[in-house]
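Student: I would like to learn how to read a protein structure feature by feature. Please take me through this one.
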Amino acid sequence: MPLDPQAKFVLEQLEAAGMPDFATVDPETARNLTAAGIVPSAEAIAAVDDRTIPGPDGPIPVRIYTPDGTGPFAVLVFFHGGGWVICSLDSHDDICRTLANRVGCVVVSVDYRLAPEHPFPAAPEDCFAATRWVAANAASIDADPARIAVGGDSAGGNLAAAVALMARERGGPALRHQMLVYPVTDHSFDTPSYSENAEGYLLSGDSMRW
């Protein structure tokens with residue numbers, strides 16, 4: 001099967017930029033390399049608000065995106081990808097602006113704590129706390145507490161699925177939807193896909209283990 005042309009273009013650009021395999025660097029270097037590649041978003045949006053909310057072990061930074069229109073809006077609590085180790089509010093700023101504008105919902109992007117400094121379950125606990133905060137404070141962000149979704153990409157998709165399970169097991173909040181973008185849902189490294197795609201597609205088998 002040929003590689004999708006858009007995916008091929010991205011891989012070629014990363015190769016030309018000399019992006020190393022994450023498995024060969026330490027977390028701080030990986031974060032710095034990722035941050036250096038962020039291009040500021042050109043997508044305009046009605047409002048963006050950076051604030052902190054209470055977390056299980058201290059304040060959690062969040063970024064709240066509000067689209068044009070009249071609320072209360074549905075709300076997406078968004079968790080960024082990055083293998084639970086890298087990425088940030090800034091790395092996924094463009095994605096969140098696009099989601100808010102295209103869907104017409106408030107997006108609350110969560111800057112959860114990262115490993116290895118903050119090992120499991122720090123990340124899912126932060127994400128669950130943020131989701132509960134959104135449910136309890138929806139009116140303050142022009143959102144509808146009866147229309148809450150959780151979502152994210154890669155590690156963020158894992159966290160969204162985890163938060164949905166936590167909400168079910170801990171008595172709420174009620175969620176209407178999960179948006180899981182290529183979520184990590186299995187920690188097994190011995191599947192056929194890990195062998196067939198271990199090299200040449202940005203995320204190597206070694207980088208996933210890392």
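Tutor: Let us begin with the names. Helices (H or I, at least four residues) and strands (E, at least two) are DSSP runs, numbered from the N terminus. Keep in mind, too, that this is a predicted model.

Student: Thanks! Let me try the names on a proline, then. Where does Pro173 lie?

Tutor: Pro173 sits in the loop between α5 and β6. The peptide bond that joins Gly172 to Pro173 is cis, with omega about 10°. A cis bond is also found from Phe120 to Pro121, where omega is near 10°. Pro121 belongs to the loop between β4 and α4.

Student: I would like to look at one pair of strands in detail. How many bridges join β1 to β2?

Tutor: Seven bridges join them, and the two strands run antiparallel. To trace the pairing, look for partners across the strands: Ile53 has Ile60 of β2 as its bridge partner, and Val48 stands opposite Tyr65 in β2. The two strands form a hairpin with six residues between them, and Gly58 in the turn has a positive phi of about 125°. β2 also pairs with β4, in the antiparallel sense, over four bridges. There, Ile64 stands opposite Val108 in β4.

Student: Why is β2 described as largely enclosed by the rest of the structure?

Tutor: Because six of its seven residues are buried. For that word you need a cut-off: buried means under 20% relative accessible area, and exposed means over 50%.

Student: That takes us inside. Which residues have the most contacts inside the largest nonpolar core?

Tutor: That core has 30 residues, and those with the most contacts inside it are Val75, Phe79, Val108, Val110, Tyr112, Val134 and Ile141. Next, ask which elements contribute: β2 (60-66), β3 (73-79), β4 (106-110), α4 (122-136), β5 (143-153) and α5 (155-169) each supply at least two residues. The largest share, seven residues, comes from α4. For a close-up, select Phe79: beyond residues up to four places away in sequence, Phe79 touches a set that includes Val110, Tyr112, Cys127, Val150, Leu159 and Val163. A second, separate core has ten residues, among them Leu99, Cys105, Val107 and Ala149.

Student: How many aromatic pairs does the structure hold?

Tutor: Two. For each pair, read the distance between ring centres and the angle between planes. Phe22 and Trp210 are stacked, at 6.0 Å centre to centre with 20° between the planes. This pair links distant parts of the chain, 188 residues apart: Phe22 is in the loop between α1 (5-16) and α2 (27-36), and Trp210 is in the segment after α7 (205-209). The other pair is Phe189 and Tyr194, whose centres lie 5.2 Å apart; their planes are at 70°, so this pair is edge-to-face. Also look for charges over rings: Arg170 lies over the face of Phe128, at 5.0 Å from the ring centre.

Student: Is Ser154 buried or exposed?

Tutor: Ser154 is buried, with a relative accessible area of 16%. You will find Ser154 in the loop between β5 and α5.

Key. Residues numbered from 1 in each chain as written. Predicted model: local features only at pLDDT ≥ 70, side-chain atom pairs only at ≥ 80, totals over all residues. Heavy atoms only, no water. Core = buried A, V, L, I, M, F, W, Y, C linked by side-chain atoms within 4.5 Å. Buried < 20%, exposed > 50% of the residue type's maximum accessible area, 1.4 Å probe, protein only. Contact = heavy atoms within 4.5 Å. Pairing = 2+ DSSP bridges. Phe/Tyr/Trp six-rings, centres within 6.5 Å; stacked < 30°, edge-to-face > 60°. Lys NZ or Arg CZ within 6 Å of the ring centre and 35° of its normal.
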